[in-house]
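Please read these notes alongside the model. They take up a few local features in turn.

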Amino acid sequence: MLTVKNLVVAAGHPSTKLDIVSDVSFEINRGEVLGLVGESGSGKSITSLAVMGLLPHPQLWVRSGAIELDGADITEEPPHLRVERGHGGVSMIFQEPMTSLNPVLRIGEQIEEAVRVHDGSTGEIARKRARELLEMVRIPDAQLQLNAYPHELSGGMRQRVMIAIALACRPQILIADEPTTALDVTVQMQVLSLIRELCDAFDMGVLFITHDLGVVSELADRVTVMYGGRIAETGPVGELFHNPLHPYTGGLMGCVPDPAAGHRRFRTIPGQAPKPGEVPQGCKFAPRCDHAQPVCRAGAVPAVAAGANHAAHCHFPLSQEAL
Ligand SMILES: Nc1ncnc2c1ncn2[C@@H]1O[C@H](COP(=O)(O)OP(=O)(O)OP(=O)(O)O)[C@@H](O)[C@H]1O
Ligand code: SF4
Ligand SMILES: [Mg+2]
């Protein structure tokens, strides 16, 4: 349903040739959750903003590649046109709902605004739709809560309101950029279950961005791992967790604390992710990779596959079956 092909996002003036995101390709099908993981600065948010058409131009812009929704190229289409095209499109929710909601407007008014912009309905009809949307995201006493201000709701409830606003335009794709990072674990699980339920109920594709591999294992059908603005590996969630191909994916898995293993220290991947502009030749992960060989530091890195849906970019994948 959503296809991103060889996306390159650049920063600054075209002559600087500073690419923040390079050659990123993925697809999301109906009713599917794609988890997008990678450490801070790997380009997850920039990729999602490019899909939304919300890159802060002219600082960041799409240098090349295509973003297709149901086969139509939306790369150059501004977000308001995507909304006006009618049902379907891409909606997004962010990490901290309080910074997205207007603190001086009641939540009912904010949801009604989204309804009005999307389908033109006003007055009682918009009010009714706002209440239905709040019920859809399982907010108790929806009628009453329409009159609440954002500060009167808990963090979990505010994130549900953001999801309600996102659903107002009946999106085909929901992008969630770390929507549960600011929530406690119990509320996080409730919001994750809600997203999964909505994805199944509306046959909606979800791009779920997170640092948390536990969350990915709970929610995602497939996972894409980004490193240094590029895709390191993509695969079905079970396969990627049990049979990672890319040493970076293996490193991320190794960082998940396992109380049963009795380790007294947190494990990390030594070194730092490359900053844009400080990009090493060849494989960007080479300075941190235990498996690096001289060939890794020169030229293009080959794609390797382990089955139809599982692939990585690496000269020496962890699973030899992929060679
Ligand atoms: N406006 C901008 N101009 C230039 N570079 C930018 C701009 N915004 C972000 N970047 C750079 O782009 C890179 C990718 O940033 P991005 O926000 O996509 O990372 P991320 O994977 O979402 O990280 P996090 O997990 O911390 O949210 C970072 O190195 C960041 O410094
Ligand atoms: S290409 Fe080489 S350096 Fe890069 S991840 Fe694979 S083995 Fe490591
Ligand atoms: Mg981010």
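Which residues in α4 meet which residues in α5?

1. Ile-107, Gly-108, Ile-111, Glu-112 and Val-115 are the α4 residues, and they meet Ala-126, Arg-127, Arg-129, Ala-130, Leu-133 and Leu-134 in α5. Contact means heavy atoms within 4.5 Å. Helices (H or I, at least four residues) and strands (E, at least two) are DSSP runs, numbered from the N terminus.

2. This is a predicted model: local features need pLDDT of at least 70, side-chain atom pairs count only at pLDDT 80 or more, and totals for chains, interfaces and linings use all residues. Residues are numbered from 1 along each chain as its sequence is written, chains are lettered from A and ligands numbered from 1 in the order in which they are written, and side-chain values use heavy atoms, with hydrogens and water left out.

3. The axes of helix α4 (residues 107-119) and helix α5 (residues 123-136) come within 9 Å and cross at roughly 110°. Axes are lines fitted to C-alpha atoms, for helices over the stretch in contact, with angles from 0 to 180 degrees between N-to-C directions.

4. The peptide bond from His-57 to Pro-58 is cis, with omega near 5°. Pro-58 belongs to the loop between α1 (44-52) and β4 (60-69).

5. Asn-6, in strand β1 (residues 2-11), has a phi near 45°, a positive value in a residue other than glycine. Most residues other than glycine have a negative phi, and most peptide bonds are trans.

6. Among the residues surrounding ligand 2 are His-246, Cys-283, Cys-289 and His-291 (a heavy atom within 4 Å).
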